[in-house]
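Q: I have a structure open and I am new to it. Can you walk me through a few parts?

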Amino acid sequence: MTAEPFRIKMVERVKKTTKAERQQWLKEAGYNAFKIKAENVYIDCLTDSGTSAMSSEQWSALMLGDESYAGSKSFFKLEKSVQDVFGMPYLQPTHQGRAADYIMAKLYAEEGKYAIGNMHFDTFRGNAEILGALAVDYVVDAGKDTASPAQPFKGNIDLGKMQQLIDENGAEQISVVIITITCNNNGGQPVSMQNIREVSELAKQYDIPVVIDAARLAENAYFIKTREEGYQDKSIKEITREMFSYCETATMSSKKDGMVNIGGLFVTRNKDILEKAQQLAIVHEGFITYGGLAGRDLEALAVGLQEGCDEQYLEYRIKQAEYLGDRLLEKGVPIIEPTGGHGVYVDGRRFFPHIPQCEFPSQRLVVALYEEAGVRAVEIGACAFGSKDPETGEDIFPDIETMRIAISRRVYTNSHMDVIANALGEIYKNREQYKGMKLVYEGSVTSLRHFTAGFELL
């Protein structure tokens, strides 16, 4: 048995609150966890994006930040680090991942044409909706079934479905294939190297570009190393370089495996694509060598990319998620198995079988967990990934209906995981007492409504 591969140098106080206070704050927030003040959260598992604890090396690097508008030394340090991890030559930094996502969508998503993915996350889906592109999810069937038995690579793209779409519509109607590693929507499930290779080969036959959404590139590489034959003796960076050898472009929210609190990356091997991305960056982000970031942020990210690929860190990271998953299973709480890299996903339909999907069972679980323990999680289900029939306006409910417990990197101990597990165990014991929820407010972009939605308890 091993402990965390770090020691704590600084702490931040968190406050405990009463159940009555939390009930009032929930009501004021329209029962939307995004609208709860962070100071009123005991353990924050809303997201693993930008919530990592930076290392002493990263804090030291901040002081070296070159804030020059053009040609910053810090940019070239980041460029070298990116080239080392990605094995790709060209880099455009952005202020965060959704900015890189926006640039990618403008260059690769076309109105009326399909964008194939394993499971597109909300920011690309929002861009696709605005641009009029057709985002389709072709994750393997086991990856869509939250109750399916554990399999090593539930994030894989179904090649048969991809081929069928090409056959039925013509390759000219598919603008891009986006492989998200790991697959966020269905539990942080990884994609195998074999699948990445085969998707790339199929796309290449039809001249369809392949993009990798690389927010959790190191976690995916660790799963390949530990689960896929032939990779046990390879280093994490050898694996990441091979992953990216199969794509033309990669985008990254650096706030995940970049181990920083802000930043994004647009990385490509296509010089023409780079030049177009740079023009969009200048308009929307800033000059090409800072891309909406301070020099100190570029420095911290250059270090963080290397630390995120450290195998000892990754072993601790993956095993902490596994620890929480195991504690929940012991209490009978239904989760997606196996646990993924960045958190644990509780199956809302199996947890609350008496609450129909139209009454948002996973959102109800988010509310219950905050109410009982001050723990903030997020719904990945009917609100976040529901859609509407373009002709009738009828609701279309997603295959996945979960509550995501995202674990921040190097922030919480296993004692915090025990608090979460104990609270959910108690809620599960009393699950019949809970009723569903009613959506009373949603924004104009359906795929982004969960950020600002309002609910009422039934």
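Q: Which strands form the open sheet, and in what order?
A: The model is predicted, so local features need pLDDT of at least 70 and side-chain atom pairs count only at pLDDT 80 or more, while totals for chains, interfaces and linings use all residues. Residues are numbered from 1 along each chain as its sequence is written, and side-chain values use heavy atoms, with hydrogens and water left out. The open sheet has three strands in the order β9-β14-β11, with antiparallel pairing. Strands (E, at least two residues) and helices (H or I, at least four) are DSSP runs, numbered from the N terminus. Two strands pair if DSSP finds at least two bridges between them.

Q: Which are the edge strands?
A: β9 (343-347) and β11 (378-380), each of which pairs on one side only.

Q: How many bridges join β9 and β14?
A: Five, in the antiparallel sense; β14 covers residues 402-406. Val 344 has Ile 405 in β14 as its bridge partner.

Q: Which helix packs on the sheet?
A: Helix α13 (residues 311-330), which touches β9 and β14 and makes about 30° with the direction of β9. Contact means heavy atoms within 4.5 Å. Axes are lines fitted to C-alpha atoms, for helices over the stretch in contact, and angles run from 0 to 180 degrees between N-to-C directions.

Q: New topic. How many salt bridges does the structure hold?
A: It holds 24. A salt bridge is a side-chain nitrogen of Lys or Arg within 4 Å of a carboxyl oxygen of Asp or Glu.

Q: What does Arg 409 meet in a salt bridge?
A: One partner is Asp 48, at 2.9 Å from N to O. Arg 409 is in the loop between β14 and α16 (414-429) and Asp 48 in the loop between β1 (43-44) and α2 (56-62), so the pair ties together parts that are 361 residues apart in sequence.

Q: And Glu 219, with what does that form a salt bridge?
A: Also with Arg 409, the closest N and O atoms being 3.1 Å apart. Glu 219 lies in helix α9 (residues 217-227), so this pair ties together parts 190 residues apart in sequence.

Q: Are Glu 219 and Arg 409 buried or exposed?
A: Both are buried. Buried means under 20% relative accessible area, exposed over 50%, and partly exposed in between (1.4 Å probe, protein chains only). Asp 48 is buried too, at 0% relative accessibility.

Q: Which residues are linked in the network of salt bridges?
A: Asp 48, Arg 216, Glu 219, Asp 257, Arg 317 and Arg 409.
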